[in-house]
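Dear colleague,

I am passing on the model that we discussed, with the sequence and the coordinates placed just below. My notes on what was found follow after that, and I would be glad if you read them with the structure open beside you.

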Amino acid sequence: MSRTPNELAQPHISALHPYVPGSQPSGGGWIKLNTNELPYPPSPRVADAVAAEFGRLQLYPNPLSAPLRAAIAAHHGLEASQVIVGNGSDDLLNLLMRVFVSPENARAIAQTFPSYSLYPVLVAIQQGVVRSVEFDESMVLPVARLVGLEASILFLTTPNAPTGVAFPRADLVALLEGFNGVVVLDEAYVDFAEESSIDLLNRFPRLVITRTFSKSYGLAGLRVGYALASAEIIGLLDRVRDSYNVNRLSQAGALAAFQDQAYLAEVVAKVKATRSRFLVALAERGWETYPSATNFVFTRPRREGCDASPEIAQDLFRYLQENRILVRYFGSCSLTANGLRITIGTDSEMETLLQRIDIWRQTA
Ligand SMILES: *Cc1c(COP(=O)(O)O)cnc(C)c1O
């Protein structure tokens, strides 16, 4: 009997549940508040920089993304040897898993739950062991329990996704002091927060910080992210990286965006102002919402006389979808099952959303 491709494949791959990204609808007319993209275009310098590469597409890109590494290092006051650029920060998260995770218990990964749901998928590809510590509704970082886990690497999204909460610096320092392995702080949303942990890199040689151009820089479509760490860790990641992991257009576009920090500051300020107004509007409706240090909020919808519940959250999710507004629902975890994650869009998009929410609240 000949075997099917599924039977020929490694069993852990056949059994794998792939990561499910938020949907990208085709056709217009949608208000997209489901994947934390920027509602504004990237810096106008990006288009020219990308166009300038069109005449050089027959040539391979710079294998190290060297100009981008140098610019990133200079901006953060680090050496170029402390920077690696990836095809999105997801590429770098994958490299970290491939370097540090294996089926052995000593090379397990530690994470919080809920967290970025890509981490366990990348671990499963390595047949690694995940050790999770659950948050309670307070969203206080469970430092003592995380520090007690046996693992070679720990992943923490900070500020957190999907709740949007920022962790106090003292808690992050306690985690770094106590955890006996590599600590990855996934700072995908840090530009919308008050502080970063970059200055801790020189104090903690096992710290890795990952960043992305997909959120604050408005370049989700280009796929560029970077990681900052010791030269030793960057050297390990470079060993498993694809030689040309970031294409020519992406390197040029990301560099142009990075060099326009004034534009970044402008759009981030706009998103934060919209976020403040939106948080007030949710509070006025009596919805429990975490304080957000990101470009999204996590809120627990309520109707007159009813407490938040998974049924109510799902009902609003469906109602909004029927009205061409996309948000995100995470039903797999009790902490998030009675809420929705809503990306901060433009002021007018948030107005439309609130109008829809108010119609929904009156129909039950
Ligand atoms: C969006 C996101 C990323 C990924 O970003 P890319 O650079 O687009 O791959 C990483 N981590 C978290 C927590 C994110 O939300």
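**Helix 5 against helix 9**

In helix 5, residues L95, L96, R98, V99 and F100 meet L236, L237 and V240 of helix 9, where a contact means heavy atoms within 4.5 Å. Sorted by class, this contact of helix 5 with helix 9 has seven nonpolar residues, no polar ones and one charged residue; here Ala, Val, Leu, Ile, Met, Phe, Trp, Tyr, Cys and Pro count as nonpolar, Asp, Glu, Lys and Arg as charged, and the others, Gly among them, as polar. The axes of helix 5 (residues 89–100) and helix 9 come within 9 Å and cross at roughly 95°, which makes helix 5 roughly perpendicular to helix 9. The axes are lines fitted to C-alpha atoms, for helices over the stretch in contact, with angles running from 0 to 180 degrees between N-to-C directions, and angles under 35 degrees count as roughly parallel, over 145 as roughly antiparallel, 65 to 115 as roughly perpendicular and the rest as oblique.

Please keep in mind that this is a predicted model, in which local features need pLDDT of at least 70 and side-chain atom pairs count only at pLDDT 80 or more, while totals for chains, interfaces and linings use all residues. Residues are numbered from 1 along each chain as its sequence is written, and side-chain values use heavy atoms, with hydrogens and water left out. Helices (H or I, at least four residues) and strands (E, at least two) are DSSP runs, numbered from the N terminus.

Helix 4 (residues 66–76) has L68, R69, A71, I72, A73 and H76 buried, buried being under 20% relative accessible area, exposed over 50% and partly exposed in between (1.4 Å probe, protein chains only). These buried residues of helix 4 pack against strand 2 (83–86), strand 7 (207–212), strand 8 (225–228), helix 9 (231–240) and helix 10 (248–258). After helix 4 comes G77, whose phi is positive, near 70°.

Within helix 9 we find I234, which counts as buried at 3% relative accessibility. Not counting residues up to four places away in sequence, I234 touches R69, S81, Q82, V83, I84, A227, L228 and A229. I234 and A80 are 154 residues apart in sequence, and their C-alpha atoms are 9.9 Å apart in space.

Strand 5 (153–157) and strand 6 run parallel and are joined by five bridges, two strands being counted as paired if DSSP finds at least two bridges between them. I153 has V182 of strand 6 as its bridge partner. Because five of the five residues of strand 6 are buried, strand 6 is largely enclosed by the rest of the structure; V182, V184 and D186 lie on one side, and V183 and L185 on the other.

Strand 6 (residues 182–186) then pairs with strand 7 in the parallel sense over four bridges, and D186 stands opposite T210 in strand 7. Strand 7 is likewise mostly covered, with six of its six residues buried: L207, I209 and R211 are on one side and V208, T210 and T212 on the other. Strand 7 is joined to strand 8 by four bridges, and these two run antiparallel, with G225 in strand 8 as the bridge partner of T212.

A separate item is an open sheet of three strands in the order 9-10-12, with antiparallel pairing, whose edge strands, strand 9 and strand 12 (340–343), each pair on one side only. Helix 11 (residues 261–284) lies across strand 9, strand 10 and strand 12, and runs at about 5° to strand 10.

The loop between strand 9 (288–289) and strand 10 (296–300) holds N295, which is buried with a relative accessible area of 1%. A polar atom of the N295 side chain lies 3.0 Å from the backbone oxygen of N36.

N160 is in the loop between strand 5 and helix 8 (169–178), and is buried with a relative accessible area of 0%. Leaving aside neighbours within four places in sequence, N160 is in contact with residues including P114, F135, T294 and F296.

With best regards

Definitions and conventions:
A polar contact is a pair of N or O atoms within 3.5 Å; within protein, one must be able to donate a hydrogen and the other to accept it, and residues adjacent in sequence count only if both atoms are side-chain atoms.
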